[in-house]
Structure formats: structure tokens, C-alpha cells
Amino acid sequence: PMLFQLKIKDVKLAQCVNFLIQRNQWQSIEDIHKIKCHGMNIKSIDGLEILTDLKSLSLYNNNLRSLDVTKFTQLEYLNIANNRLDTIKISGLAELETLYSFKNKLTQINFTGLIKLKKLRITNNKLASLDLSPLVSLQKAYFFDNKLEDLIIKGLPQLKFIELKQNPMPDEVYDRYDALEGITIIHDGNADDWK
């Protein structure tokens, strides 16, 4: 018998979610903690915001252009990589620990309130400026292939590793990074060391 179905605008997302409901025998929306729908040409998540208990959302390799996930206040893991995103709203996600958003078209991101975020991979985007200061738990960050000319990384006590290759940074920025203690920073200026 059919359990229940969500009213979701995007046909592909609806198919995926309702298949997961059946396969996992979820009885109500409170049972749904993890959604994984990869490579399905999904263009919208309208209707998904009813899943307020969602802890993991993975929409890798779809056709999303903008995304607002701020209603998913319990979210711990978000993978929205390889879409067409030029805007995402993620501020206030106080439980989020992992964010993958590589291969998109993002120019900026507001990290306000992401106090638990530990791992961040936003390579292959168009980020020109970023304020990482809200990310007090950040441990590893990957920004390969963006438009960053500078990035302030002071006041991040947990940060151990950051990757900044293929960004248009001047040498004096690299010199400043190289003077920082306790953080491995990989950039074009020191890239030779890593071959």
C-alpha cells in the first residue's frame, strides 16, 4: 500500500522523494532525516521545506539555479555540488557541519550562524569575496578555482587546512598566509612544494 506522498512541485524530485518514502517505509514526515537525489535534472526544491527534521540533503549533479535551505534548521550535511547555482541561502543553519558546493556559479555566500560548520568545499565557483569569520568551528576549507583576491582567515581557532589554488591572489597575500602558524595553506605561490 502507498504510505504517504509529499506534494513537491518538481516532478523528478517528487519521484525521488516518494520512492525513498516507499523504500524506507517512512510513516510520516518526522521519519525523514536523509534525502539523496543525484543526477536527476531537479530544478526546484519547492515543497521540500515541510521536512523540518531533515539532517542530510544531497542534491549533487542536478539543475538547480538558486536554493534556500534555511528552513532545514536540523541540517548537518548539505551536498549541492555540480548544479547551476548562483545564489544559495544557508545562513542560520546552526547544526550544519559539512557543505559541498563545488562546480556551481556562486559569487558570494553568507555564512552567518553556521557555528558548527567543520568542512567546506566550494571549488570551481566564482567567489570574489568571502567572510569566513562566522565559521568558528571550521577545520578544512577548499576554494580551488574561484575569483578570490584575498581571504581573511584570522579568528578561526579550529582551522587546520585551507586550499586556495587557482585564485587571482597577489604574492603579498601568500606571504601573509605563509607567516600563519598551525594552518596548512595550499596556494599557487607554494604549489611547487606539493608536486
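This is a predicted model: local features need pLDDT of at least 70, side-chain atom pairs count only at pLDDT 80 or more; totals for chains, interfaces and linings use all residues.

Is K9 buried or exposed? I looked up its relative accessible area, found 63%, and so noted K9 as exposed.

**Entry: the overall layout**

I counted two helices and 10 strands in the protein chain. Reading from the N terminus, I wrote down the order of elements as α-β-β-β-β-β-β-β-β-β-α-β. The C-alpha atoms fill a box of roughly 65 × 30 × 25 Å along the principal axes. The protein chain has 195 residues, and 46% of them count as buried.

**Entry: salt bridges**

I went back to K9 to see what partner it has. K9 forms a salt bridge with D46, and their closest N and O atoms are 3.2 Å apart. K9 sits in the segment before α1 and D46 in the loop between β1 and β2, so this pair ties together parts that are 37 residues apart in sequence. D46 has 37% relative accessibility and so counts as partly exposed.

How many salt bridges are there by this rule? I noted four. I reminded myself that side chains of opposite charge can pair when their charged atoms come close.

Next I looked at K116, which forms a salt bridge with E95 at 2.9 Å between the closest N and O atoms. This pair links distant parts of the chain, with K116 in the loop between β6 (98–100) and β7 and E95 in the loop between β5 (87–89) and β6, 21 residues apart. K116 is partly exposed at 34% relative accessible area, and E95 counts as partly exposed at 27%.

I also found K118 and E97, whose side chains meet in a salt bridge of 3.6 Å, N to O. K118 lies in the loop between β6 and β7 and E97 in the loop between β5 and β6, again a link between distant parts of the chain, 21 residues apart. K118 has a relative accessible area of 32%, so I marked it partly exposed. E97, with 30%, is partly exposed.

**Entry: the disulfide**

Which residues does a disulfide join? I found C16 and C37, with 2.1 Å from S to S. The count of disulfides comes to one. The torsion about the S-S bond of C16 and C37 is about -95°, so I wrote this disulfide down as left-handed. C16 lies in helix α1 (residues 11–24) and C37 in the loop between β1 (34–36) and β2 (56–58), so the pair ties together parts that are 21 residues apart in sequence. Both C16 and C37 are buried.

**Entry: a patch of charge**

I then turned to the surface, where K12, K43, R65, R84, K105, K126 and K147 gather in a patch of positive charge.

L120 lies in strand β7. Its relative accessibility is 0%, so L120 counts as buried. L120 and Q139 are 19 residues apart in sequence and 8.5 Å apart in space, C-alpha to C-alpha.

For N41 I noted a phi near 60°, a positive value in a residue other than glycine. N41 is in the loop between β1 and β2, and it is partly exposed at 38% relative accessible area. D145 also has a positive phi, near 60°. I placed D145 in the loop between β8 and β9 (161–163), where it counts as partly exposed at 26% relative accessibility.

Methods
Residues are numbered from 1 along each chain as its sequence is written. Side-chain values use heavy atoms; hydrogens and water are left out. A disulfide is a pair of cysteine sulfur atoms within 2.5 Å. Helices (H or I, at least four residues) and strands (E, at least two) are DSSP runs, numbered from the N terminus. Buried means under 20% relative accessible area, exposed over 50%, partly exposed in between (1.4 Å probe, protein chains only). Patches are made of residues with over 30% relative accessible area and no salt bridge: like charges are joined within 9 Å, nonpolar side chains (Val, Leu, Ile, Met, Phe, Trp, Tyr) within 5 Å. Accessible areas come from the Shrake-Rupley method with a 1.4 Å probe; for residues, only the protein chains shown count as cover. Lys and Arg count as positive and Asp and Glu as negative; His and the chain ends are not counted. The place of a charge is taken as NZ of Lys, CZ of Arg, CG of Asp or CD of Glu.
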